[in-house]
Amino acid sequence: MPRAVVCRELGPPERLRLETFASAPLAPGQVRVAIRAAGINFPDILMAAGEYQLKPPLPFTPGVEAAGDVVEVNEAPGVAVGDRVIVKMRHGAYSDEAVAAASQLVRLPSTFDYAEGATFLAGHGTAYHALIDRGRLEPGEVLLVHGAGGGVGLAAVEIGKVLGATVIATASSDEKLAIAKARGADHLIRYDQEPFRDAVKRITDGQGADVVFDPVGGEVFENSMRCINWGARLLVIGFTGGIGLAKTNLLMIKGASVLGVRAGEAVRRNPALGEVRIKALTQWAEAGTIRPNVSHRLPLEDYAKAMRLLIDRKAIGRVALTMG
């Protein structure tokens, strides 16, 4: 019988349980995907703890993205048994199989394995929406990427370079910065060796960053306002380091904007955005221009350990669960 990680009570990853379940029959328009890998994302951890904006009724299975093989189709045009696909989900990816609509499927890039496919669209989709739809990053501008050793941060480094920006990457270790450099970062800053606001001013000859990509928040967000150029755009991706306060005097002086980034919600409200995004991302993937950095691949039964890698900041890029 297929297995799934199930959340029956809200809390830390250790409260989740691996259970077996009976496969449900397909309704017309649905397909069954044998999942080969699932990506670990911070929203999964927050959702299981009851701290995310989406609160599925209990019990539910975490996981917003997976990749695998189509094994059954019921009147779903454009999908065939044997297709290698990425599955986009609100939750449910930590499982051996998924039932999905054809609209939830994206063909797996030929350059990716399953773990790369399962860690692609959430991170790179967020970075794309942030830098293109929200930040309007232009060639030649300076992009400051915080948390550049994380999955979404590395995606921002890659896409920033595709868009022709000068990329400044910040991270907490030389190992993380080395990966950011390999993905195209032009300048590297260790948080603990020099205040990044001073380093950004030094690197830009006092001008500051044009776009700030910030999944960290807290003091990092607040200090970012002190190293921005005129007309800067500060992109709020998340707040893993706490909630930051926007000092309106600093924003006014620099003619700057603070922009919230919710890539999934933007597509739910305007599906056309998603079509453009996925087309661009898959083209870049097929060209070998972008690729998730999967630092850890663990079997499904090690779901709690995998989630802890993100919580404890031990991943570089992405973490994937593998099945079968």
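Which residues does Ser224 touch, not counting residues up to four places away in sequence? In this predicted model, Ser224 touches His146, Phe196, Val212 and Leu234, where contact means heavy atoms within 4.5 Å. Ser224 is found in helix H7 (residues 218-224). Helices (H or I, at least four residues) and strands (E, at least two) are DSSP runs, numbered from the N terminus. Ser224 is buried, with a relative accessible area of 0%. Buried means under 20% relative accessible area, exposed over 50%, and partly exposed in between (1.4 Å probe, protein chains only). The C-alpha atoms of Ser224 and Arg197 are separated by 6.5 Å, at 27 residues apart along the chain.

Residues are numbered from 1 along each chain as its sequence is written, and side-chain values use heavy atoms, with hydrogens and water left out. Local features need pLDDT of at least 70 and side-chain atom pairs count only at pLDDT 80 or more, whereas totals for chains, interfaces and linings use all residues.

His187 lies in strand E10 (residues 187-190). His187 is partly exposed, with a relative accessible area of 29%. Leaving aside neighbours within four places in sequence, His187 is in contact with Thr166, Val167, Ile168, Ala169 and Ile203. For His187 and Val167, 20 residues apart along the chain, the C-alpha separation is 6.5 Å.

The chain is divided into domain 1 (3-119 + 293-322) and domain 2 (123-264). These bounds come from an automatic or database domain assignment. The C-alpha centres of the two domains lie 29 Å apart. Eight residues of domain 1 are in contact with 11 residues of domain 2.

The largest nonpolar core holds 43 residues. A nonpolar core is a set of buried Ala, Val, Leu, Ile, Met, Phe, Trp, Tyr and Cys residues joined through side-chain atoms within 4.5 Å. Leu131, Leu143, Phe213 and Leu235 touch the most other members. Elements giving two or more residues to this core include helix H3 (121-134), strand E8 (142-145) and helix H10 (271-286). The core draws at least three residues from each of domain 1 and domain 2. A second, separate core of 36 residues includes Ile35, Ile40, Ala304 and Ala306.Cavities and pockets were located on a 1 Å grid over the protein atoms alone. A cavity is a set of points where a 1.4 Å probe fits but cannot get out. A pocket is an open set with protein on both sides within 12 Å along at least five of seven lines. Lining residues have an atom within 4 Å of a point. Grid points are joined across faces, edges and corners, and a volume is the space filled by probe spheres set on the points. The count comes to one cavity of 30 Å³ or more. About 40 Å³ of space lies in the largest cavity. Both domains give residues to its lining, so the cavity lies between them. Helix H4 supplies the largest share of this lining, four residues. Among the lining residues are His124, Glu158, Arg183, Arg291 and Arg318.

The second largest pocket has a volume of about 170 Å³. Its lining includes Ala4, Phe21, Thr61, Met89 and Glu97. Strand E6 (residues 97-101) gives the most to this lining, with three residues.
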